[in-house]
There are 2 protein chains.
Amino acid sequence: MNIGEIAKRAGVSRSTVSYALTGRRPVSPETKQRIQAVIDELGYRPNAAARALKEGRTRTIGLVIPPASTRLTDMQLGFVASVVDAAARADLDVLLSPSGGEHDRSFERVVTGQRVDGVIVMEIRLEDDRVARLMASGLPFVGIGRTRDPQGMSWVDIDYETLIARCVHHLADLGHRDVALVNRSAELVAAGYGPGHRARAGFDRAVAERGLRGVAVCCADDAQAGQACTESLLAEHPELTAIATVNEAAAAGVYHALARTGREVPRDFSIVGVAARHWAENLHPPLTAADVPAVELGAQAVDLLLGRIADPAAPHRHLLVAPPISLRATTGPARR
Amino acid sequence: MNIGEIAKRAGVSRSTVSYALTGRRPVSPETKQRIQAVIDELGYRPNAAARALKEGRTRTIGLVIPPASTRLTDMQLGFVASVVDAAARADLDVLLSPSGGEHDRSFERVVTGQRVDGVIVMEIRLEDDRVARLMASGLPFVGIGRTRDPQGMSWVDIDYETLIARCVHHLADLGHRDVALVNRSAELVAAGYGPGHRARAGFDRAVAERGLRGVAVCCADDAQAGQACTESLLAEHPELTAIATVNEAAAAGVYHALARTGREVPRDFSIVGVAARHWAENLHPPLTAADVPAVELGAQAVDLLLGRIADPAAPHRHLLVAPPISLRATTGPARR
DNA sequence: TTGTAGGCGTTATCAC
DNA sequence: GTGATAACGCCTACAA
């Protein structure tokens, strides 16, 4: 089923069918109607590949996600969902590329095969060769996250450094003097994962500013690791009275470790973090946390990308968000 | 950058470059090498749209997921991740279509625009018009889930009916006489969502077979709903000593409701369910549950789809899995 | 208001 | 072993 077939049945030329469809040239009401009737009858839709070939654009964007082996966090999933939704609203399709490793065929296909008009990259490292590849390719792209030196790119990101510093200040205001940071996994941090490094920097800065004693640990992204990690943390540092965390997946385990070691939250111990609102609210007790606006960030990333596709020469834009801490039920005055 | 440019610089014809690339015709080692050198230098990759137009296939599959508004469960995410991974292994790209509503433009584009070689559809209803549209279109497709009468389609699914029946038998074996089913949301069940209906059927059957007293309730897919739902359930039916559930997202709430009403698990109360292993293990205490092999199911769905693409006339195949219940820490003898 | 024709980049059928 | 050339289905000057 192609445009020629429609044209034949409607008794017009192919170009008339095309113009009737795109509206880029006036077509008389009668012929338009006749064409539409045939189209409806046969259920014709233009071939996307032919259109892409002719127009030089695909009406598709790429979304580069971490490979499935690294289980996505709730927050990352929020990004994926919001990007897909925002793209659908703009009548764009989304091509998924699970890429993380070195020579990733999926990534190469998406980036260099002219399969997409632009790309959104998640989980960016401080030094990220996917970003380097994209910059070299000239393909419009937007990061959810940013490199160490993000001058030459457009991005949206969460200001983990500020947020964790705020968390520490909040704890200090409540009288806590011995606080810990439960960071993302050691592998991630070792690989130069931005949020891990920036959270650490914000923690160190705020601890110094307030003259606290701080200890930072890495923790894998799941509840079991969160529990193990917190238990050993408490064993080595029994003086701790509060934890700040950017590791939402580990939070439930932190809770359990505290319960198992006889600490009641928030009476004996405070926890504050950065997490998706949905996640924070579903914990018991609900976690006092800076609520990451994943939906908004995803939509903004799509917006930025559309801008870059429309005008690749325009100056780069970015968005760094630091949502306020929502007080819920896990922080209180330090117990003496 | 196109194949003609490569041909020119390598001093050969376009067809020779094409054949050097695809290997569908012998090319002398020297010319092949010369061509490869030029390709590497210029970073050339074939244009996907042109190739798709010529070959009549896109090397892309569509994945129809629920729209982002309906937050995906951990299990659904497992399916998405495993499908994407399995597709990447087969050098296929995945086009995401968040479709649920009536006239979904994204769905129409994917299905009728020849954008994909085949489609995997998730979250199938007993009566599902997306399935009807796909059958009418002739596009190869595979369901993760199945309709009421899935004769004419290929699918993989979880045998919720058998699994929930097994859960009930397990509880009955432990001496429980008053058991409840915490099902998926009322909206989902009202919309004819298969797992909800089949879980209910399995529950009713097993309750009857064992001469138990059973009560079934629907519950929205989150921990807060799980807690509210369980609390009212226990208030109305204080005689209950066990719950079976297919609602993994609500499970944490069920736990909290039991704790708040002074019931200790598994001493006073048993819980057994169907859930992703990762989810069951991350609960405290770990949930005794049939572990849904999401990774395997996603990979199988891709396999089935590849088969259908290769031979659309082949008989339909399907896979119904009923994984065994993994005994963890949430079921025990009924307390008298 | 409508028709004709060329070309987007690729693969594949002929020739040589 | 290699080259010319005709499609694939669409859009869009250019003509009428």
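User: Do strand E10 (residues 288-292) and strand E12 (residues 325-326) of chain B run parallel or antiparallel?
Analyst: This is a predicted model, in which local features need pLDDT of at least 70, side-chain atom pairs count only at pLDDT 80 or more, and totals for chains, interfaces and linings use all residues. Residues are numbered from 1 along each chain as its sequence is written, chains are lettered from A and ligands numbered from 1 in the order in which they are written, and side-chain values use heavy atoms, without hydrogens and water. Strands (E, at least two residues) and helices (H or I, at least four) are DSSP runs numbered from the N terminus, and two strands pair if DSSP finds at least two bridges between them. E10(B) and E12(B) are joined by two bridges, and they run antiparallel.

User: Which residue of E12(B) stands opposite B:Ala290?
Analyst: B:Ala290 is also the bridge partner of B:Val274, and five bridges join strand E9 (residues 270-276) of chain B to E10(B) in parallel. In E12(B), the residue opposite B:Ala290 is B:Ile325.

User: How many residues of E10(B) are buried?
Analyst: Buried means under 20% relative accessible area, exposed over 50%, and partly exposed in between, with a 1.4 Å probe and protein chains only. E10(B) is mostly covered, and its buried residues number five of five.

User: Why is strand E9 (residues 270-276) of chain A largely enclosed by the rest of the structure?
Analyst: Burial is counted residue by residue along this strand. E9(A) is largely enclosed because its buried residues number seven of seven.

User: What is the handedness of the crossover from strand E8 (residues 242-245) of chain A to E9(A)?
Analyst: Four bridges join E8(A) to E9(A) in parallel, and A:Ile243 stands opposite A:Ile271. The chain crosses between these strands through H12(A). A crossover is right-handed if, with the strands pointing away from the viewer, the path from the first strand over the helix to the second runs clockwise. The crossover from E8(A) to E9(A) is right-handed.

User: Which helix lies in the β-α-β unit made with E9(A) and strand E10 (residues 288-292) of chain A?
Analyst: E9(A) and E10(A) run parallel and are joined by five bridges, with A:Gly273 opposite A:Ala289. The unit is right-handed, and its helix (residues 277-282) is H13 of chain A.

User: What is the volume of the largest cavity?
Analyst: On a 1 Å grid over the protein atoms alone, a cavity is a set of points where a 1.4 Å probe fits but cannot get out, and its lining residues have an atom within 4 Å of a point. Points are joined across faces, edges and corners, and a volume is the space filled by probe spheres set on them. There are three cavities of 30 Å³ or more. The largest has a volume of about 220 Å³.

User: How many charged residues are in the lining of the largest cavity?
Analyst: The lining has 24 residues, with A:Phe79 and A:Glu123 among those nearest the centre. Ala, Val, Leu, Ile, Met, Phe, Trp, Tyr, Cys and Pro count as nonpolar, Asp, Glu, Lys and Arg as charged, and the others, Gly among them, as polar. Twelve are nonpolar and five polar, while the charged residues number seven.

User: Which domains of chain B does the second largest cavity lie between?
Analyst: This cavity has a volume of about 140 Å³ and is lined by 14 residues. Domain bounds come from an automatic or database domain assignment. Two domains both give residues to the lining, so the cavity lies between domain 2 (60-158 + 294-321) and domain 3 (160-292).

Key: On a 1 Å grid over the protein atoms alone, a cavity is a set of points where a 1.4 Å probe fits but cannot get out, and a pocket is an open set with protein on both sides within 12 Å along at least five of seven lines; lining residues have an atom within 4 Å of a point.
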